[in-house]
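Visitor: Could you take me through the aromatic ring pairs of this protein, one by one? I would like a close look at how they are arranged.

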Amino acid sequence: MDQLITFLEIAKQNSFRQAALRLNLTQPAVSAQIRNLEAELECLLFHRHRVSLTPAGKEFLPFARQMIALWEEGKKTVLETQDLLQGNVTIGISSGVALTVLPRLLRYFRDTRPKVKITAHTLPVEETIQGIEEGQLDAGILYGQKAGPTLQSQTLFYDNLILISPVDHPVSAHSFLSLNQLRQLPLISLTPNTPERQWLDQLFHKAGIYPEIIIELSSVEEVKRMVREGLGPALVPLLSLDPSTDENVRRIRVPELTTQLPVTLLYPQGPYLSLSLQRILDDIQGIYPTTDS
């Protein structure tokens, strides 16, 4: 590789002496490297009287540049791989999927990449997207978010909606309800700007149903808490339910709600994505049965 670097520097300077100065080598060392390279290629690369490339040297020049570029890319890959083993990754996660995603994610990196520090923030969708675009977050995990002009998305897995109710609410007497029965049922819900609510509104609109929303909250955890407090039923993502805290709510199936809501990994596009981060994202995708979005 040193011979190629020397060759390129002489071609640039048209001088063995100037190349030696630039490379911090003696001129005899530079001359020896070129002689060895010429011997290996079995051709003369430079005219010596007035230093310039020979026809063979001109033909070899682009290949030398490519080999140096590949060498630099290889070094970068190795360094980024080393950085990966001790890297820091900051992820924004929707409250609805945090319970499902975080234990598995953190356990995986604890066991397989113990020097990678994962920092997870439970954030609204807009803040997660903004954080990724501004470089404050490396990635986001949220419900149903499609990629934007500077972002890519990968579906990790799918979730479904389920109706939950206080145990003393009249609707808790049912094990399932039809979608039509929700018409007259006052509901606690997420705010309209959340992907879970937008997905639910699309399903209702398609069925011609416009339920009465009595309380709107910004996170799934807040919605579940209001249900536990006895303020009314709500439709929530199934995977958001925690057996340890949500055991005092009644689960009621709505069979028509079969459309699945994707849980999506969101991250920067191509040139904004380092190789080390790409490998960590590959690890995250590998934890779950992935499907291209």
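Guide: Gladly! Rings of Phe, Tyr and Trp, the last by its six-membered ring, are taken as a pair if their centres lie within 6.5 Å. Counted this way, there are three aromatic pairs in what is a predicted model.

Let's begin with Phe7 and Phe46, a tilted pair whose centres are 5.4 Å apart, with 50 degrees between the planes. How accessible are the two partners? Phe7 has 0% relative accessibility, so Phe7 counts as buried, and Phe46 is likewise buried at 0%.

Phe46 also pairs with Phe16. Here the geometry is edge-to-face, at 5.8 Å centre to centre and 75 degrees between the planes. Because Phe16 sits in helix H2 (residues 16-23) while Phe46 lies in strand S1, this pair ties together parts that are 30 residues apart in sequence. Phe16 is buried too, its relative accessible area being 8%; the cut-off for buried is under 20%.

How values were computed: Residues are numbered from 1 along each chain as its sequence is written. This is a predicted model: local features need pLDDT of at least 70, side-chain atom pairs count only at pLDDT 80 or more; totals for chains, interfaces and linings use all residues. Side-chain values use heavy atoms; hydrogens and water are left out. Rings of Phe, Tyr and Trp (its six-membered ring) pair if their centres lie within 6.5 Å; planes under 30 degrees apart count as stacked, over 60 as edge-to-face and the rest as tilted. Buried means under 20% relative accessible area, exposed over 50%, partly exposed in between (1.4 Å probe, protein chains only). Helices (H or I, at least four residues) and strands (E, at least two) are DSSP runs, numbered from the N terminus.
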